[in-house]
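Subject: Structure handover

Hello,

I am passing this structure on to you. Please look it over first; my notes follow below.

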Amino acid sequence: MQPDHIRLRIAALMGFLAVALGAMGAHGAVHDKLQAAGELAHWQTGVSYHLPHSILLVILALVGNSGGKLASWSWRCLLGGILLFSGSLYIMAYFQPKTWAAQWLAGAVFGATPLGGLLLMTGWLLIVLSHWRRPS
């Protein structure tokens, strides 16, 4: 069982970003801006999905190819889900788009947020359906 080093680095970067964005939302100027706009809950939701899924990305990268193609697709879906779901929540919370069109562009309405959620769920289902092999 050989870990996938590129995926492991990307997963570690996602974990780093989750912690950094969580800290920014908890302290300092970003926190103050989010709290003043009433958007802190959106930011916290983004972080609460971002961090555990980043950990799962690390685990999947460490087990390498032992889960087969479905596990590999799971990793891709989870990464896409983090970027779309949490990313759109971060953008909406920080920039607070006011018009329906701006919210749509940010991903809230029929856009990135629900698609990201579907990708996260798909990633979990693909793990269930994967054919896991014992390391040799």
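A crossing is called left-handed if the near helix is turned anticlockwise from the far one by less than a right angle. α4 passes α6 in a crossing of that left-handed kind. Please keep in mind that this is a predicted model.

Helix pairs

The axes of α4 and α6 cross at roughly 155° and come within 7 Å. Angles over 145 degrees count as roughly antiparallel, and α4 and α6 are therefore roughly antiparallel to each other.

α1 and α3 pack with their axes 8 Å apart, at an angle of about 160°. That angle makes α1 roughly antiparallel to α3. The crossing of α1 and α3 is left-handed. On the α1 side, the residues making the contact include Leu 8, Ala 11, Gly 15, Ala 18 and Gly 22. On the α3 side, they include Trp 43, Val 47, Leu 51, Ser 54 and Val 58.

Nonpolar cores

The largest nonpolar core consists of 15 residues. Leu 57, Leu 60, Trp 75 and Leu 78 have the most contacts inside this core. At least two of its residues come from each of α1 (5-26), α3 (40-62), α4 (68-95) and α6 (112-129). With seven residues, α4 gives the most to this core.

Which residues does Leu 78 touch, not counting those up to four places away in sequence? They are His 53, Leu 56, Leu 57, Leu 60, Leu 119, Leu 120, Gly 123, Trp 124 and Ile 127.

Another core, of eight residues, lies apart from the largest one. Val 30, Leu 34, Leu 40 and Ala 93 are among its members.

The loop between α3 and α4

Val 63 and Ser 66 are two residues to look at here. Val 63 is found in the loop between α3 and α4, and Ser 66 lies in the loop between α3 and α4 as well. Is Ser 66 buried or exposed? Ser 66 counts as buried, because its relative accessibility is 10% and the cut-off for buried is under 20%. Val 63, at 21% relative accessibility, counts as partly exposed.

A polar atom of the Ser 66 side chain lies 3.0 Å from the backbone oxygen of Val 63. Val 63 and Arg 134 are 71 residues apart along the chain, and their C-alpha atoms are separated by 10.0 Å.

Regards

Key
Residues are numbered from 1 along each chain as its sequence is written. This is a predicted model: local features need pLDDT of at least 70, side-chain atom pairs count only at pLDDT 80 or more; totals for chains, interfaces and linings use all residues. Side-chain values use heavy atoms; hydrogens and water are left out. A nonpolar core is a set of buried Ala, Val, Leu, Ile, Met, Phe, Trp, Tyr and Cys residues joined through side-chain atoms within 4.5 Å. Buried means under 20% relative accessible area, exposed over 50%, partly exposed in between (1.4 Å probe, protein chains only). Helices (H or I, at least four residues) and strands (E, at least two) are DSSP runs, numbered from the N terminus. Contact means heavy atoms within 4.5 Å. A polar contact is a pair of N or O atoms within 3.5 Å; within protein, one must be able to donate a hydrogen and the other to accept it, and residues adjacent in sequence count only if both atoms are side-chain atoms. Axes are lines fitted to C-alpha atoms, for helices over the stretch in contact, and angles run from 0 to 180 degrees between N-to-C directions. Angles under 35 degrees count as roughly parallel, over 145 as roughly antiparallel, 65 to 115 as roughly perpendicular and the rest as oblique.
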